[in-house]
Amino acid sequence: MCQLLGMSCKKPTSIGFSFEGFRARGGLTDEHKDGWGIAFFNEASVDVYVDHEPAARSKLADQVHSADIKAKTILAHIRKATVGEVKLSNCHPFKRNLWNSEWVFCHNGDLKNFAPHLNGKFQPQGETDSELAFCYLLQQLEQELPDGATNAVDLFNVLDKLSREIAAYGTFNIILSNGEWLYTYCSTSLAYVERKYPFTTVTLIDKDLSLDLSQHTTQEDKVILIATKPLTVNENWKVYAEHESRLFNDGELLLERNQLAAA
């Protein structure tokens, strides 16, 4: 299975430290060596970088880390191919425009016999079940919210319903964002941690690196970090239950729903 990483912040923040631990799972500390990608949302648009090389030894990943890009919302993915060849068009994150906004999507999992009808507006450019699910999500969002996502509750409710529908076909762990809202759904494995004042020193699981967050933050900073599995050893990561969904904005949890609440 693939690995997911997401970040929602109150102010533009670098993901460099966490990205170093995350990218190690792309062929160094884990087997996910079939490409990677990362998306940075800024005020006007989103910049997406993808590479079919293993993240742990990718020159592009070195450049991204060195650039120390700051953003309020970031999504990243490292791939273990299950459907589709190892090539750029099959690398996450995928990007599409909906309601005059850029949406970015990452998926960890494998969908069996998932063949939804697409009306033509959103079509996959690669061969993955992940991109197919993304296109279907956007198509259904547009149909069910014809006036656009005017509020967080409506968006969350539709995404939660659609995620459960797709998850019936297999494993569906996802991160989806338009730069304002960051939506997550856990089929089998996701965790998140909240970083806020007072900040402490954190240590990576996958690399012998530590960082004193208090030296890089202010009292006003708030950060939510989401990953397939916890990235650090000394933080209070909250592990999702199966079929649990959460919506974040500006470094804070807005809405959540578990399987029992949805039943």
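Asp160 and Arg164 are both buried in this predicted model. The two side chains meet in a salt bridge, with N and O 3.0 Å apart. Both residues belong to helix α4, which spans residues 152-167, and they are 4 residues apart, so about one helical turn separates them.

In total, 18 salt bridges are counted in the structure. A further pair consists of Asp221 and Lys11, whose closest N and O atoms are 3.7 Å apart. Lys11, with a relative accessible area of 33%, is partly exposed.

A salt bridge is also found between Glu194 and Lys196, where the closest N and O atoms are 3.8 Å apart. Glu194 is partly exposed at 38% relative accessibility. Lys196 is likewise partly exposed, at 43%. Both values fall in the range for partly exposed residues, which lies between the limits of 20% for buried and 50% for exposed.

Salt bridges can also share residues. Glu20, Arg23, Asp62 and Lys207 are linked in a network of such bridges.

Another acidic residue, Glu131, was examined through its contacts. Glu131 is located in helix α3, which covers residues 129-144. The relative accessible area of Glu131 is 1%, and the residue is therefore buried. Leaving aside residues up to four places away in sequence, Glu131 touches Ser89, Phe94, Arg96, Gln123, Pro124, Gln125 and Gly126. With Arg96, one of these residues, Glu131 forms a polar contact of 2.7 Å between side chains. Ile74 is 57 residues from Glu131 in sequence, and the C-alpha atoms of the two residues are 18 Å apart in space.

The partly exposed residues include Lys11, Glu194 and Lys196.

Definitions and conventions
Residues are numbered from 1 along each chain as its sequence is written. This is a predicted model: local features need pLDDT of at least 70, side-chain atom pairs count only at pLDDT 80 or more; totals for chains, interfaces and linings use all residues. Side-chain values use heavy atoms; hydrogens and water are left out. A salt bridge is a side-chain nitrogen of Lys or Arg within 4 Å of a carboxyl oxygen of Asp or Glu. Buried means under 20% relative accessible area, exposed over 50%, partly exposed in between (1.4 Å probe, protein chains only). Helices (H or I, at least four residues) and strands (E, at least two) are DSSP runs, numbered from the N terminus. Contact means heavy atoms within 4.5 Å. A polar contact is a pair of N or O atoms within 3.5 Å; within protein, one must be able to donate a hydrogen and the other to accept it, and residues adjacent in sequence count only if both atoms are side-chain atoms.
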